[in-house]
Amino acid sequence: MKRKLLFGAAFLFVAWAATSCEALGGCKVCKNVVYENGKVINPGTATEYCGADLVSQEAIPDYTVGTLTTKVECN
């Protein structure tokens, strides 16, 4: 019985550790912010990114169409 509890606890710990975002090398919250003439018109929705996903989000360049500029901002 003790062995089953020990295996169960070990399994739960491994499952928790495998889904931990911090273990992937740091996390940040990023959002797409839309500016018009330097003023925020759409602050976007914040999403947490970690590891390679974070690197790809930070690599997205700003793009402008007319007076609208969209930037990815990560904190």
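This is a predicted model: local features need pLDDT of at least 70, side-chain atom pairs count only at pLDDT 80 or more; totals for chains, interfaces and linings use all residues.
A residue counts as buried under 20% relative accessible area, as exposed over 50%, and as partly exposed in between.

**Whole chain**

Begin with the protein chain in a cartoon view, where two helices and five strands make up the secondary structure. Followed from the N terminus, the elements come in the order α-β-β-β-α-β-β. Switch to a surface view: the chain exposes about 5900 Å², and carbon and sulfur atoms supply 61% of this area. Of the 75 residues, 16% count as buried. Contacts between residues 24 or more positions apart make up 52% of those with a separation of 6 or more.

Select residues 27–36, which form strand 1, together with residues 68–74, which form strand 5. These two strands pair in the antiparallel sense over seven bridges. Within this pairing, Tyr35 stands opposite Thr69 of strand 5.

Return to Tyr35 and show its side chain along with that of Lys71. The charged end of Lys71 sits over the ring of Tyr35, at 5.2 Å from the ring centre. A search for aromatic pairs elsewhere in the structure gives a count of zero.

**The two disulfides**

Select the cysteines next. How many disulfides does the structure hold? The count is two.

For one of them, show Cys27 and Cys50, whose sulfur atoms lie 2.1 Å apart. The torsion about the S-S bond of Cys27 and Cys50 is about 105°, so this disulfide is right-handed. Because Cys27 belongs to strand 1 and Cys50 to strand 3 (residues 47–50), the pair ties together parts that are 23 residues apart in sequence. Cys27 and Cys50 are both buried.

For the other, show Cys30 and Cys74, joined with an S to S distance of 2.0 Å. The link of Cys30 and Cys74 is right-handed, with 110° about the S-S bond. Since Cys30 lies in strand 1 and Cys74 in strand 5, this pair ties together parts that are 44 residues apart in sequence. Both Cys30 and Cys74 are buried.

**Around Cys30**

Beyond its neighbours within four places in sequence, Cys30 is in contact with Thr45, Ala46, Thr47, Tyr49, Leu54, Gln57, Val72, Glu73 and Cys74. Draw a distance from Cys30 to Tyr49: the C-alpha atoms are separated by 7.0 Å, although the two residues are 19 residues apart along the chain.

From this list, move to Gln57, which is placed in helix 2 (residues 51–58). Is Gln57 buried or exposed? Gln57 counts as buried, because its relative accessibility is 16%. Leaving out residues up to four places away in sequence, Gln57 touches Cys30, Tyr49 and Val72.

Apart from residues up to four places away in sequence, Asn32 touches Asn42, Pro43, Gly44, Thr70, Lys71 and Val72. The C-alpha atoms of Asn32 and Pro43 are separated by 7.0 Å, with the residues 11 apart along the chain.

The last stop is Asn37, in the loop between strand 1 and strand 2 (39–42). The relative accessible area of Asn37 is 62%, which is over the 50% limit, so Asn37 is exposed. Check its backbone as well: phi of Asn37 is near 55°, a positive value in a residue other than glycine.

Conventions: Residues are numbered from 1 along each chain as its sequence is written. Side-chain values use heavy atoms; hydrogens and water are left out. Two strands pair if DSSP finds at least two bridges between them. Helices (H or I, at least four residues) and strands (E, at least two) are DSSP runs, numbered from the N terminus. Contact means heavy atoms within 4.5 Å. Buried means under 20% relative accessible area, exposed over 50%, partly exposed in between (1.4 Å probe, protein chains only). Accessible areas come from the Shrake-Rupley method with a 1.4 Å probe; for residues, only the protein chains shown count as cover. Rings of Phe, Tyr and Trp (its six-membered ring) pair if their centres lie within 6.5 Å; planes under 30 degrees apart count as stacked, over 60 as edge-to-face and the rest as tilted. A charge sits over a ring if NZ of Lys or CZ of Arg is within 6 Å of the ring centre and within 35 degrees of the ring normal. A disulfide is a pair of cysteine sulfur atoms within 2.5 Å.
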